[in-house]
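Please read this briefing alongside the sequence and the 3D structure. The points are grouped by topic.

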Amino acid sequence: ENLMSKLVDMKHGSNKKDTEYSQRAAEAISDTFDTASLSALANFIPSIHNFFDDIDKKENQRDGADTSHWQLFILFSKLLGAILRLDRFIMICLDDLQWCDSMMLTFINEIILSVAQHQQEKQHLLFVGTYRHNEIDDEHPLTNQLLNLQSNSSVNVTQINLPSLSRDDICDMIMTEMRLPRRLVCRLADIVHLKTSGHAIFVVELLNLFLRNSTIVYSPHRRRLDWDLCKVSSVKTGDNVASLIISKLASLQPAVFWTLCVISCFGFKLETSLLRLLQGSSLLPEGGFNLVSLVEGGFVELYGSVVTFTHDLIQQHVYEKMLVHQRQTLHLDIGTFLAAKTTLDSALAYQSIEAGVERLYVCDGEVEQDDDCSISILPLSGIATSQINKAGPEFICDRTQRIRFAGWNLRAANESAGKSNFRAALYYCKNGILFLGNNPWLDETCLLSVELHEGAAFALLALGNAKDVAQYANAIIDCENVAFEQSIVAQNMLIRSLETLGHYGPTIDKGLAVLRRLNFDIPAAPSPVIVLQAMVQTSNIASQYKLLDNSPSLSGFTPRTKVIHPKQKSILKIIDSVAVACFVSTSPYLPLVACTTVIYSLQQGIFHCEESSSAFAIFGYFKVFLEGKFDEGQQWGKLAITILANSTNGNASVRARMYLFGFLYFWYISPSETCRRLHETYAIGMRCGDVDSAMYALFLDWKCQFFGGEKLSIVQANYVEYLKSITKYSKELSKHYVLYKINLNELIGISDEDPFSVLEGTICNEAELLEHAKLEKYSPLIEAVHLSQFLSAFWMGDFTKAMESSNDILMQPSSKMLKLQSIYYTFYRGIVAYRLFREGHGEHFLEEGNAVLSKVQSWRQTCGHVENKVLLLQAEYFASKCNRNAAKEKYEAAIKSARDHGFLHERGLAYECMGKYFSSIVEISEAKQCFRQAHECYVQWGALGKAEQIWRDHGLDQNN
């Protein structure tokens with residue numbers, strides 16, 4: 001915020017160089033963010049609105065709750081990086097890091113690490129953090145973060161220990177100030193050093209004390225300052241500098257001390273403009289406040305327009321010196337006086353009526369998260385409400401007043417949420433609930449209580465504290481005085497928190513129960529017949545809207561409403577959370593949820609929104625998967641693409657793109673185009689901060705490269721590059737990712753690398769990962785382990801083991817779902833089946849091969865890039881039927897088709913299959929030629945391990 005405010009000042013300033021710099025900064029930021037991402041960032045950094053004239057403010061102040069701390073970190077890192085890439089240096093200085101909570105320390109750490117990855121950005125940033133080493137230990141979060149930075153080779157860490165002043169330092173100081181030689185001051189310096197332990201401020205204050213109490217006086221006889229060492233030694237001081245300064249409080253005039261008491265009520269620091277606002281009230285002495293004497297006394301310091309206590313212990317002592325009742329009365333008086341300057345009691349949207357004091361700097365000074373709002377910038381209404389909260393509900397006996405102050409907290413919470421200050425919003429909501437007392441659900445306060453509990457749940461979710469959301473959401477849901485319709489927002493918050501925590505089963509159960517109460521027709525048992533009936537019903541309803549023409553267009557239907565009602569938005573978010581849970585856990589409810597969303601979006605006229613596009617993509621997927629209707633699946637995919645083309649690239653659109661290109665549209669576009677679309681989805685996700693969807697899209701992008709035949713040198717390089725992000729943001733996805741590295745290493749010929757090392761010792765090998773997955777009963781991960789084993793066996797030629805692994809895959813419920821790798825896995829299984837039949841393992845393998853051939857042939861009309869796969873399976877079929885000429889013709893056709901499509905790996909596979917067939921019928925010369933061609937293809941692909949196996953197993957070295 002301070003950095004952006006500085007750029008705003010430069011933009012409107014008179015310095016030409018500063019103006020030009022601000023223009024370049026604006027261009028750099030615009031190039032880094034799209035409009036949606038910049039708008040999201042502006043909710044956390046309000047000055048962006050002043051820097052860019054075309055950035056709209058969010059209509060719903062709670063939309064920012066959708067932004068996780070990782071999303072916020074990415075946005076901040078990109079913003080700082082864009083500015084650092086310019087030609088000016090930036091220094092960021094943060095004081096008292098020992099008081100930061102772990103989340104903030106992690107945030108700082110991650111931003112530094114992000115900047116450190118880019119040489120130009122790193123060279124332009126100096127971060128200075130200060131802390132008191134005696135207030136942290138080995139368990140303190142700051143200690144761990146410092147170790148992380150020091151262990152990172154990209155970060156240049158310099159630790160500067162500021163030691164206490166030595167005896168010689170103090171001696172030099174006294175010599176300079178008193179204009180005396182060392183021999184006269186050395187004994188005095190010894191005593192001062194002994195009393196202060198060399199603390200610089202303590203030394204200064206002690207010497208000032210000696211002057212004030214005439215322990216050190218000017219001697220006319222000696223014509224210099226003089227002292228009695230015995231008296232100097234006998235002067236009593238506290239344990240620290242704060243105690244010494246506090247000892248001077250007794251000498252203050254009552255009016256001056258009262259001013260200090262008033263200041264202490266606002267915490268460690270505040271703006272002088274707030275004191276001026278109190279001028280003339282009964283809260284300050286008649287003569288007004290006099291900061292000069294307080295500054296001269298060493299009690300406070302002035303930094304521009306901000307007054308701060310010189311030490312937090314001084315503020316604490318002054319505050320606690322007042323009687324409890326006196327403190328509460330003062331807080332109440334300050335709060336009501338400041339509130340009179342606002343429209344807090346108005347039923348309308350409020351703004352301060354006091355010009356120039358709408359935003360005042362105030363810091364509570366306490367470090368407990370639950371006891372203060374931990375926000376540095378608060379509006380005047382927020383400051384007034386905070387003062388009331390410090391008086392406390394137990395101090396206010398009148399119920400009407402308590403309800404009034406609860407309303408103030410709600411207004412302050414909404415205003416804080418509007419600026420995406422969710423920590424402050426949580427503070428106000430909690431205090432508002434306290435003011436309502438033990439029974440907040442009475443008729444007169446029920447609605448107010450609902451809004452306060454909703455606000456607390458929103459804020460907790462935004463702060464990443466999903467586990468505490470249930471406390472506030474359930475308070476609404478379980479209240480008999482709250483109708484179900486009034487609890488929809490709370491239901492949404494509870495379900496989203498369950499999804500965030502990874503509790504997918506409860507997410508599905510709770511979400512479906514809510515949707516059924518909203519009259520969504522979702523059967524209790526999702527049998528195949530019921531699912532197909534729901535698919536047909538959804539298609540019939542959709543046909544009424546004429547959206548799936550030959551050229552799908554959204555212009556043919558005018559929605560009933562342009563603005564999505566909050567209730568509709570909450571329902572869509574509930575459905576989205578349930579869909580995610582169903583997707584991750586491969587629940588059979590997923591197609592029913594998709595059908596429900598499609599029907600709801602169409603009937604409510606809100607299908608233009610990004611949340612609906614996910615459902616359209618999923619519904620199109622099930623059109624392909626369950627009904628085999630590839631044309632209709634493509635039409636639904638095109639409809640989703642049309643919606644996304646007009647979207648703002650928000651979080652919902654990223655998830656929709658991931659579903660669309662990772663699970664549906666790869667049938668209709670080439671693998672290279674699928675990779676491009678998925679990488680684009682990843683980039684959009686990272687720009688807008690949807691880390692989870694971005695990481696999944698990145699994983700699917702890499703997987704498509706691997707299966708789609710990209711050069712393995714590129715696949716290997718991208719694995720290393722993608723691994724940094726995937727292991728950082730998604731530990732669960734990392735477990736899937738490392739499995740493919742096993743297959744990649746075998747193909748390349750790498751044997752001295754441990755892919756599991758990135759899991760940091762939690763899982764050390766494939767067997768442990770399989771055991772872990774079975775223990776967790778996580779079908780997708782079990783399937784992934786068996787798929788890795790299948791691929792290893794297939795490419796290394798152990799077809800018996802490959803079929804065993806394939807059968808293990810088919811036993812998993814998740815294997816029933818079509819995935820990007822399904823094309824390749826099914827194709828490979830067909831080759832394995834035909835080979836095992838020809839090796840005499842049984843007639844049933846011929847039937848299995850034929851079943852695979854039939855399935856892949858059914859894909860051919862829609863999916864053009866399976867042509868070579870169909871031809872190779874046909875060749876294997878004719879080889880199995882001992883039809884040499886037909887087999888050779890199909891092998892050659894498969895080789896040509898693979899070459900035409902750019903599938904170098906499958907061209908090598910076709911040559912290898914053809915060579916093995918010729919070997920089986922003792923046509924050795926033709927077989928050798930095929931193996932040489934296969935070897936060449938594998939070498940060009942980068943599969944040196946596989947190429948070496950071909951060379952070794954078929955004796956090519958004897959004929960070279």
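Asn 745 has a relative accessibility of 4%, so this residue counts as buried, the cut-off being under 20%. The model is predicted. Asn 745 belongs to helix H35, which covers residues 731-748.

**Surroundings of Asn 745**
- Ile 750, Glu 753 and Pro 755 are in contact with Asn 745 when its neighbours within four places in sequence are left aside.

**Helix H33**
- Helix H33 runs over residues 691-708 and has 18 residues, which at 1.5 Å a residue should span 26 Å.
- Of the 18 residues of H33, 16 are buried, so the helix is largely enclosed by the rest of the structure.

**Cavities**
- The structure holds seven cavities of 30 Å³ or more.
- A volume of about 80 Å³ is found for the second largest cavity.
- Helix H27 (566-584), helix H28 (590-604) and helix H29 (610-625) are the elements that each give two or more residues to the lining of this second largest cavity.
- The lining of the second largest cavity consists of Leu 572, Ile 575, Asp 576, Ala 579, Val 593, Ala 594, Thr 597, Glu 611, Ser 614, Ala 615 and Ile 618.
- By class, the lining residues of the second largest cavity are seven nonpolar, two polar and two charged.

**Strands E3 and E4**
- Strand E3 (residues 216-219) pairs with strand E4 (residues 224-227) in the antiparallel sense, over four bridges.
- Within this pairing, Val 217 stands opposite Asp 226 in E4.
- E3 and E4 form a hairpin, with four residues between the two strands.
- Arg 223, in the turn of the hairpin, has a positive phi of about 60°.

**Whole protein**
- The protein contains 45 helices and nine strands.
- Along the principal axes, the C-alpha atoms fill a box of roughly 125 × 75 × 55 Å.
- Of the 960 residues in the protein, 55% are buried.
- Among contacts with a separation of 6 or more, 68% are between residues 24 or more positions apart.

Methods: Residues are numbered from 1 along each chain as its sequence is written. This is a predicted model: local features need pLDDT of at least 70, side-chain atom pairs count only at pLDDT 80 or more; totals for chains, interfaces and linings use all residues. Side-chain values use heavy atoms; hydrogens and water are left out. Buried means under 20% relative accessible area, exposed over 50%, partly exposed in between (1.4 Å probe, protein chains only). Contact means heavy atoms within 4.5 Å. The expected span of a helix is 1.5 Å times one less than its number of residues. On a 1 Å grid over the protein atoms alone, a cavity is a set of points where a 1.4 Å probe fits but cannot get out, and a pocket is an open set with protein on both sides within 12 Å along at least five of seven lines; lining residues have an atom within 4 Å of a point. Grid points are joined across faces, edges and corners, and a volume is the space filled by probe spheres set on the points. Ala, Val, Leu, Ile, Met, Phe, Trp, Tyr, Cys and Pro count as nonpolar, Asp, Glu, Lys and Arg as charged, and the others, Gly among them, as polar. Two strands pair if DSSP finds at least two bridges between them.
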